[in-house]
Amino acid sequence: MFQLTATPASALADEPVHIRVMGLAPLQVVTLMASLKDEKGNLFQSRAFYRANEAGELDLEQDPALGGDFVGVHPMGLFWSLKPEKPFGRLLKLEVMNSPFSITLDLYDSVYLQKSGVVQPTSLEVQRWFSSPGVQRLMIREGRVRGALFLPPGEGPFPGIIDLFGGIGGLLEYRAGLLAAHGFAVLALAYFAYDDLPNQLQEVDLDYFEEAANLLLAHPKIQKPGIGVISVSKGAEIGLAMACYLKQVVATVCINGSNAAFEFPLRYRDLVLTPIPSFPERMEVNASGAVRLRHYKGDPRDESNQQSVFPVEKSKGPILFIIGGDDECFNSRDYAEQALNQLQSHGRSDGRMLLYPGAGHLIEPPYWPMCYGSWTRGLFRPLLWGGDPVLHEAAQEQAWREILKFFRQNLVGSRSKF
């Protein structure tokens with residue numbers, strides 16, 4: 001009788017799982033499949049083929065996949081190689097607190113190529129959580145600010161972080177929930193296409209983000225005097241602007257963003273930055289039918305665009321740029337390099353770039369399936385994000401460790417809390 005184990009069977013989504021099989025015939029070739037349904041019923045699956053050792057045992061921490069969705073020793077490969085059944089689907093966790101992602105692991109006793117259902121496998125369910133026991137989630141609807149605040153257990157005060165996603169809009173909370181499980185108080189902040197906020201983004205109103213920063217700092221469980229920001233894509237453009245203009249922001253992580261106002265004007269009090277123009281005729285459609293926007297935007301290094309570039313030398317604290325070398329959506333490496341040069345030319349050495357060759361645009365927490373392309377609002381075709389799955393996952397694991405370390409080191413007083 002086969003014995004399939006996964007340890008731990010229930011854990012935070014950023015924790016590794018040790019998968020083993022015992023009771024196989026010596027050198028038996030088997031198939032391992034993983035299946036997940038998101039909250040909308042969309043199916044994501046992966047599979048890999050393995051050979052047991054001479055004792056009839058299989059250990060994914062040391063035994064290589066022979067083929068399937070990945071090859072070689074990848075202990076969490078079945079998780080990060082999950083692919084959507086419908087093309088251009090993107091895995092998102094919508095309900096964070098009370099329901100984990102449930103991933104079904106299926107073991108077949110030979111090379112199994114069917115979708116499912118023909119042969120009865122040995123199965124096991126693994127739960128992946130996005131918050132930990134004792135974390136509180138508070139809906140925020142104060143003044144203009146809309147979002148969800150995640151508070152770790154205990155009295156605090158806790159280092160505060162604002163979490164921003166990009167052009168998908170709405171409110172995404174899974175990264176905030178994970179960060180709260182690591183001891184941070186995190187405001188997942190919506191800024192369009194949510195509640196009574198504008199349905200489309202037409203301008204970046206930095207006063208709104210300052211209102212959110214002040215609201216977070218006013219909470220009795222938030223550590224003073226400053227907060228951090230973690231941000232990706234369009235959110236990273238906004239996050240960098242917050243670092244430059246808002247005194248409340250003292251540590252900033254920008255994942256594949258820009259260093260200037262693009263597409264929409266940026267307003268802050270009496271200041272208005274006009275956006276760098278875009279060139280729709282430069283869109284490219286790749287063989288899969290997805291749109292590449294890498295060359296779509298104007299260059300912030302051009303003399304004519306300097307009025308749109310953020311004054312990064314005015315930032316109040318360190319900035320960490322996390323860059324995917326295979327980002328097909330932004331010229332994110334160029335933007336980060338320009339920002340770092342700007343800092344250095346003003347005698348600042350507290351900017352840093354982590355460049356991950358082969359990583360795409362959407363760098364998520366560890367073990368998250370890479371999304372190569374997905375549908376997004378306002379486009380006639382799916383948007384290409386880029387990335388090589390193996391290199392992208394390695395980037396996600398290392399970047400997540402670096403993000404946690406960065407905030408622990410740079411949010412004032414937090415060092416004593418960890």
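1. A word on terms to begin: a residue is called buried when its relative accessible area is under 20%, exposed when it is over 50%, and partly exposed in between (1.4 Å probe, protein chains only). By that rule asparagine 256, at 0% relative accessibility, is buried. Asparagine 256 sits in the loop between E17 and strand E18 (266–268), where helices (H or I, at least four residues) and strands (E, at least two) are DSSP runs numbered from the N terminus. Its phi is positive, about 50°, although asparagine 256 is not a glycine.

2. Please keep in mind that this is a predicted model, in which local features need pLDDT of at least 70 and side-chain atom pairs count only at pLDDT 80 or more, while totals for chains, interfaces and linings use all residues. Residues are numbered from 1 along each chain as its sequence is written, and side-chain values use heavy atoms, with hydrogens and water left out.

3. How confident is the predictor? The score pLDDT gives its confidence in each residue, from 0 to 100. The mean pLDDT of the protein chain is 95, and 98% of its residues reach 70 or more. Residues 414–418 are another matter: pLDDT stays under 50 there, and the model has 15 contacts for them beyond four places in sequence, a contact being heavy atoms within 4.5 Å. Where pLDDT is low, the predicted coordinates should not be read in detail.

4. Now the overall picture. The protein chain holds six helices and 25 strands. Its radius of gyration is 22 Å, close to the 22 Å that the globule rule gives for 418 residues, so the chain is as compact as a globular protein of that length; the radius is taken over C-alpha atoms, and the rule is 2.2 Å times the number of residues to the power 0.38. Along its principal axes the C-alpha trace spans about 75 × 55 × 40 Å. Of the 418 residues, 57% are buried. Among contacts between residues at least 6 apart in sequence, 69% join residues at least 24 apart.

5. The UniProt record (an unreviewed entry) places the feature "domain: BAAT/Acyl-CoA thioester hydrolase C-terminal" at residues 204–411. UniProt positions are given in the numbering used here, feature names are shortened, and annotations may be inferred rather than shown by experiment. In the model, the span 204–411 is 29% helix and 20% strand, and its end C-alpha atoms lie 26 Å apart.

6. Five bridges join E1 to strand E3 (residues 18–22), and threonine 5 stands opposite arginine 20 in E3.

7. Which way do strand E16 (residues 227–232) and E17 run relative to each other, parallel or antiparallel? They run parallel, joined by six bridges, and isoleucine 230 stands opposite valine 253 in E17. Seven of the seven residues of E17 are buried, so this strand is largely enclosed by the rest of the structure.

8. Glutamine 248 lies in the loop between helix H4 (234–245) and strand E17 (249–255), and is buried at a relative accessible area of 5%. Its side chain makes polar contacts with the side chains of glutamate 210 (3.3 Å) and asparagine 214 (2.7 Å). A polar contact is a pair of N or O atoms within 3.5 Å; within protein, one must be able to donate a hydrogen and the other to accept it, and residues adjacent in sequence count only if both atoms are side-chain atoms.

9. Arginine 292, in strand E21 (residues 291–292), is buried too, with a relative accessible area of 18%. A polar contact of 2.8 Å joins its side chain to that of glutamate 328.

10. Finally, some backbone details to look at. Most residues other than glycine have a negative phi, and most peptide bonds are trans. Serine 233, in the loop between E16 and H4, has a phi near 60°. The bond joining glycine 156 and proline 157 is cis, with omega about 0°, and so is the one from lysine 224 to proline 225, with omega near 5°.

How values were computed
Pairing = 2+ DSSP bridges. pLDDT = per-residue confidence, 0-100.
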